[in-house]
Amino acid sequence: MEEDKKMKKLLALILVLSIALFAFVGCTQEQPAPAPAEEPNEEPNEEPNEEPNEEPAAEGAVKTGLAVITSLGKSKDATADAEGTAQSDSVIVAVTVDNDGKVVKAAIDTAQTAIKFNAEGKVTSDLTTSYKSKQELKEEYGMGKASTIGKEWYEQANTLADYVVGKTIENVNTIPKDDTGVPTDADLVSSVTMKIDGYKDALEQAIANAQDLGANAEDKLGLGVVTTIAKSKDATAEAAGLAQAYSTYTVTTFDADGKITSSILNASQANVDFDATGKITSDLTAPVLTKNELGDEYGMRKASQIGKEWFEQAAAFAEYIVGKTVEEVKAFETDETGHNTEADIVSSVTFGIDDFKLILEEALNTAK
């Protein structure tokens, strides 16, 4: 009897322990497994808030852009009765652009260079002439007399530049115009009667090319251009003559103290060949690329003692002058040929900088 009681107690205890063990196992199965402490295979883009390589743009920062589009289409052969003309028309546009792609400031100019030659293949223009841009010519250009609204070229160009402020590439591209290219927008029709297709193309290019170079929205925007024809030469029986418009350009921004905050430098060589009878032999429809656009195709690297191409040297010079005034840049040391000898940049810039000094001063004088 006593043994039966002990057996019953033992069975009861085993039953209780079994029930408890079952409940414990059931509870542990219902808990989710803890996440591992490390997840080495996690993709970087699963951390959208972490961008260690991207610095936020400074408040008020803007991009600086420059575009040059050159045409030779108005050139013509010499005849027995009239001199020939090698004419290059370079439309130049400078802009600053905000982070939304809207124009903050803009400037428009054109370098129109007409080089004369005769039916004997001789250049008749003065090779020492430095050609003024249309902005520099002002009333001398003579559009005011022929204009139906009595406005000179520079006045119309400045109106167009002011009009595109606040606009994007898309806005510029859709400026309404008639079949001849004259704008028909109500805000322009009374003040701009010149054809604007070329200026629209250059504006779009300048906006698209704009770079973060250190400019601020409050900075003044300056545009400078210098054109010479000194490398033009007569034709001979053995070699073609050359009419070359050599233009150097800059867009440069300045702070309230006149210090350079950003700069882009560029140049173009608009070449028209002609024979000993004054007949043009160049393809006038071929594009005229700037030195920056040519890149390595320009070919300076092979001849450079430092092994650097023109566009690389121009970019190095532009970067070096940031933080300096134009007067400080004008004081840079050069040799008797005008080539840079400034100690701090002689290892990266060896070409002539005299024209750069001139266009930077012009940019400062025209900055707005």
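## The antiparallel sheet

Four strands, in the order β4-β5-β6-β7, make up an open sheet with antiparallel pairing; two strands count as paired if DSSP finds at least two bridges between them. Helices (H or I, at least four residues) and strands (E, at least two) are DSSP runs numbered from the N terminus. The edges are taken by β4 (130-131) and β7, each of which has a single partner strand, so one side of each lacks a neighbour in the sheet. Between β4 and β5, which run antiparallel, there are 2 bridges. Tyrosine 131 has threonine 227 of β5 as its bridge partner.

The model is predicted: local features require pLDDT of at least 70 and side-chain atom pairs count only at pLDDT 80 or more, while totals for chains, interfaces and linings use all residues. Residues are numbered from 1 along each chain as its sequence is written, and side-chain values use heavy atoms, with hydrogens and water left out.

## Nonpolar cores

A nonpolar core is a set of buried Ala, Val, Leu, Ile, Met, Phe, Trp, Tyr and Cys residues joined through side-chain atoms within 4.5 Å. Buried means under 20% relative accessible area, exposed over 50%, and partly exposed in between (1.4 Å probe, protein chains only). The largest such core holds 27 residues, of which Val93, Val95, Ile108, Val164 and Tyr199 touch the most other members. At least two residues of this core come from each of β2 (84-97), β3 (103-117), α4 (153-163) and α6 (197-209); α4 gives the most, with 6 residues.

Tyrosine 199 is in contact (heavy atoms within 4.5 Å) with Val91, Val93, Ile108, Thr110, Lys134, Trp153, Leu160 and Met194, leaving aside neighbours within four places in sequence. A second, separate core of 25 residues includes Ala314, Tyr320, Ile321 and Val329.

## Aromatic pairs and charges over rings

Rings of Phe, Tyr and Trp (its six-membered ring) pair if their centres lie within 6.5 Å; planes under 30 degrees apart count as stacked, over 60 as edge-to-face and the rest as tilted. The count comes to 8 aromatic pairs. Tryptophan 310 and phenylalanine 351 have ring centres 5.7 Å apart and planes at 45°, so this pair is tilted. Tryptophan 310 belongs to helix α9 and phenylalanine 351 to the loop between α10 and α11, so the pair ties together parts 41 residues apart in sequence. Both tryptophan 310 and phenylalanine 351 are buried.

For tyrosine 320 and phenylalanine 332, the ring centres are 5.5 Å apart and the planes stand at 50°, so this pair is also tilted. Tyrosine 320 and phenylalanine 332 are both buried. Ring pairs join Trp310, Phe317, Tyr320, Phe332, Phe351 and Phe356 in a cluster. A charge sits over a ring if NZ of Lys or CZ of Arg is within 6 Å of the ring centre and within 35 degrees of the ring normal. Lysine 324 lies over the face of tyrosine 320, 4.1 Å from the ring centre, and the charged end of lysine 138 sits over the ring of tyrosine 154, 4.4 Å from its centre.

## Helix α11

Helix α11 (residues 354-366) comprises 13 residues and reaches 19 Å from its first C-alpha to its last, close to the expected 18 Å; the expected span is 1.5 Å times one less than the number of residues. Phe356, Lys357, Ile359, Leu360, Glu362 and Ala363 of α11 are buried. The buried residues of α11 pack against α2 (134-137), β5 (220-228), β6 (241-254), β7 (260-274), α9 (310-320) and α10 (326-330).
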